[in-house]
Each structure stands twice: as structure tokens, then as C-alpha cells.
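Reader: Could you show me how to read strand pairing and the surroundings of a single side chain in a model like this one?

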Amino acid sequence: MAVAAAGGGGGGRAQRSGWLEVLVRERWHKVLANLGGEALVLSGEERPDGAAHNGLGGDGAACRGAEGGGGAAAVRTAFTDPPEQVPEAVSNKKRCVKVLKQELGGLGISIKGGKENKMPILISKIFKGLAADQTQALYVGDAILAVNGTDLRDATHDEAVQALKRAGKEVLLEVKYMREATPYVKKGSPVSEIGWETPPPESPRLGCASADPLSQLSLSIHRDKKTIPLKMCYVTRNMTVSDPENRLIEVHSPDAKHTVVLRSKDSATAQAWFNAIHSSVNELIPRVIAEVRDQLGKTGIAGSREIRHLGWLAEKVPGDNEKHWKPVLVVLTEKDLLIYESMPRMKEAWFSPLHTYPLLATRLVHSGPGKGSPQSGVDLSFATRTGTRQGIETHLFRTETSRDLSLWTRSVVQGCHNSAELITEITTSCTYKNQECRLTIHYEHGFSLTTEPQDGAFSKIIAQYPYEKLKMSSDDGIRMLYLDFGGKDGEIQLDLHSCPKPIVFIIHSFLSAKITRLGLVA
């Protein structure tokens, strides 16, 4: 595959350009790939006569969805809505259709044609559930003659796009269904059917301008293009498709609904393409974090104030299948580890992660050779354990590169230590020698056991111990915590009334942070 500096989309000068294959409905199709700073542009293969070749005869096809289904199932096209399904009464008659534009997704259509193509402005796609689809009065193949009274019959593609964008919330479309234009709407490579059609996200601004269905590049009859904004995409290998030849690259959409699978001519070229795309995605992460911070404002994220790091990881799905991994978005804040199934689009979605784990009660327990790593002999996995009231919860994660592994493991460990210094002190009720008490563990001062205050009286200190006095700690995994400070009292037995694992893990975090601060470990 040739590598060249060629013009790409979304990010200025392309970092890489060459021929790849894209998997569309279980068949491979040749595409020209241009990687820019913020986007990957896939262009359909051209025949010498200039006609677009789709490798499927007269059929377009939808790209694989993230779950193996049709990712484009949420899009109406000339293939899903053939001319014979359009009522005869509609054909070649002018109609006026009122559309209420939505805040997310706009009109919910894509257009083709224009004066430069010697064609009218044609609706080529209608996105299910969005504004145009909700009217139940518009069809793929409708020519848009006017928008709010502005004549588009002699408009270029770009002029039509601008007219639709300026139309305001209430849009009156004058349309006419043109059955004879259906071949033009259909014409194109399978690239035009790749299922990457989601409304522009609100949080953060994941798409560039080309992510808006109405501002996509004009799709000429000579070459169809698909622009994939790379911001917060998950680029991986060996996730959803078997790859015995190690030639595949998978690009998962931020909303986890779509997957584009690319194939290179050999393993070395595939790795080079993966490295380039992966690097482009990583370079965009600081901007994403800044945008999320701006979007969330003072409300913070799921009880925390700020995001320290975020990114996609593969998480091992519990079970016997060693190769069963799933993508998860992991966010580290100043005090928590949050796990999401996809990149939140709405502000409210940030407040409801799939899992929330306090970093103070979390520890890194594994960073070594792991089964099922994507590259043979290369360790790219790490595990975390968190003490919870239900016991210990373990997660095994896989990164894509050694550099990612180093960054994530360092971030988790530093996050635990920073959380210890930030939170400083935790207190829990307990029973000691049949007396209701409170156990306080302080980052600087160690352990103190006090009586529960009664009838307005002050609590009394039963015992105090610095960290250096602690000989051993253990628990029964149910409710009992055992602390051995030596001396005449020997082991202290505390009934915590619930699983002691959170307290055990917090003690470990305090001790680990103090030791690291003293420079006793690297």
C-alpha cells in the first residue's frame, strides 16, 4: 500500500493515504483511505470510465453494526425505501411538507445533487426517528424545490446546504418525488452505506462540521466518500472480527453503535495504519477533556469536580471465553474511577455511569502478561480490585499499546494516592467490646477509636495508634476487621456491621500513598 501526503478531510494535510478494504455486509470492498488530523476519509473505488463501482451490482449495503447487525438500520435509503413502495399518488406531484427542526440532528436528512452535478437537490437519506422521518410525508428521492419560499431548483449543493441550515426551527419544504432520479440516488460505492449516521453529539462536540448529515461532502456520481470524525472513536484490533492473519483494524463509534472494519494487504501495513489512526485519536483526548469540562461547568461529573484522564479500554467479560472482551469508556476523576458503556452525548448522561468506584478503595493488582492480548507475547492488560460493601469487585482491562498500558497504570496508582491526600480522613461506625463506637482513619495521624456521643455528650477516645504501630490487618470478608497494633492490647476486633473490604482497601491506599510520598518506592 502506498503511503503519501495527500489531502484528507477534517484535519488539513493527511498523515497517511493508501488503499484499504472495508467490510460491508460480510464482503470486502476496496477504498481509498485518507487520514487527516481529525478524520478518516474513505472514498469508493473508481473505475477507469469514472463510474463508481460498488462490487454489489445494483445493491448498496450497510456496514456491520457494533453488534453484527446493520449499523445503517436507522437510516432510510433508496435501498430500504425502493420506488415501488412510494405511493403512485405522490409521484411527480408537488407537495409542501412542514418539518420542525430538532436541536439534535437538525432536519435529519442527507442530500445529493445540485447544479454542478446537473441534477436537482435530492433527498438521499432520511434518518429514522428524526424530524423529517417523523413527518411521514417525505421520501428518499424527493427533489427539494424550495425551502421556506427560497427556490432551490437552480442551486448548487453547497447553496442548498446553507439554505437548509438557515431555515430556522420551522421549515417548509416544497418537494416533488422523482422516480426517474432513483438510480442517481442509489448510485455509489458501499462507502455511502457505511453505518456511521448518528446525530451530532451535545457532549462533547465529537463531530466536526462534516458530521452533520446536512453538511457532509457532496457525494458525486464519480466517488462516494465517508468522513469518520476520529474524536473519541475507539481504535482496536481483534475485538469483534476474527483476524488470524493480523490484517484488520476496527474503528468503533463514540456512541458504541457502529463499527467500521478495515483490512490491509499484510500485517505490517495494518499495524502502521493502526498506529497512525490510534495516535490521531489520542492527540484529540486533551481537547475532549477540555470540552467536557466546559460543558459540565461547575456541576462536575458524577459527584467529582474534574476529569483527570479518560479513554477507551477493552474489558474482559466474565466467563470461560478467554477472547471475549467489550469496549468500555473509563474516566478517572480526582477521586473516582467511572465506567461508561459509551461516550455520553447529553450532559445528564455523565451523571449516570455504569459503575462508580472510589479510587481510595481501589488498587492496581495486576500489570503483567495476560491471556488474550491482541499481540502475541505482548502484555497489554492490567487489573483493578475495589473493596465494596458487597465484597471485592475485579476488572481486567486491556490497552492497545505499551504506552497506553504505562499511562493507565500510572494514572490509576497516582489517582489512588492523590485521592488519599485529598480525602484525608474516613470514619465508620463499628462495635468494639459490645460498645457502639466510631473508627476514624486519618491519612496523617493514623487510627482512632471513639465512643458514639450520647445525650449531647462529647465522644471519648478509647484508643489511638499511628500507622507505624500497625503490625497486621485482616478481615473475615463478612463484617469483622482485625487490627494488630502489638502491645498489651494485642489484636483489636471491630464489628463493622457490613463488609470490611472498603476499609481494608482504604487502609492500604493511605499506607501506599504515605510510603510513596516518602520516596520509599518508585
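This is a predicted model: local features need pLDDT of at least 70, side-chain atom pairs count only at pLDDT 80 or more; totals for chains, interfaces and linings use all residues.

Reader: How many bridges join strand β1 to strand β2?

Author: Strands (E, at least two residues) and helices (H or I, at least four) are DSSP runs numbered from the N terminus, and two strands pair if DSSP finds at least two bridges between them. Here β1 (residues 16-24) and β2 (residues 27-35) run antiparallel and are joined by nine bridges, with S17 having N34 as its bridge partner. The two form a hairpin with two residues between them, and R25 in the turn has a positive phi of about 45°.

Reader: Which residue stands opposite L35 in β3?

Author: It is L40; β2 pairs with β3 (residues 39-44) in the antiparallel sense over five bridges, and a hairpin of three residues joins them.

Reader: Is T409 buried or exposed?

Author: Buried means under 20% relative accessible area, exposed over 50%, and partly exposed in between (1.4 Å probe, protein chains only), so T409, at 12%, counts as buried. T409 lies in helix α5 (residues 402-423), and its side chain reaches the backbone oxygen of L405 at 2.8 Å and that of S406 at 3.1 Å. Leaving aside neighbours within four places in sequence, T409 is in contact (heavy atoms within 4.5 Å) with L364, S367 and F382.

Technical notes
Residues are numbered from 1 along each chain as its sequence is written. Side-chain values use heavy atoms; hydrogens and water are left out. A polar contact is a pair of N or O atoms within 3.5 Å; within protein, one must be able to donate a hydrogen and the other to accept it, and residues adjacent in sequence count only if both atoms are side-chain atoms.
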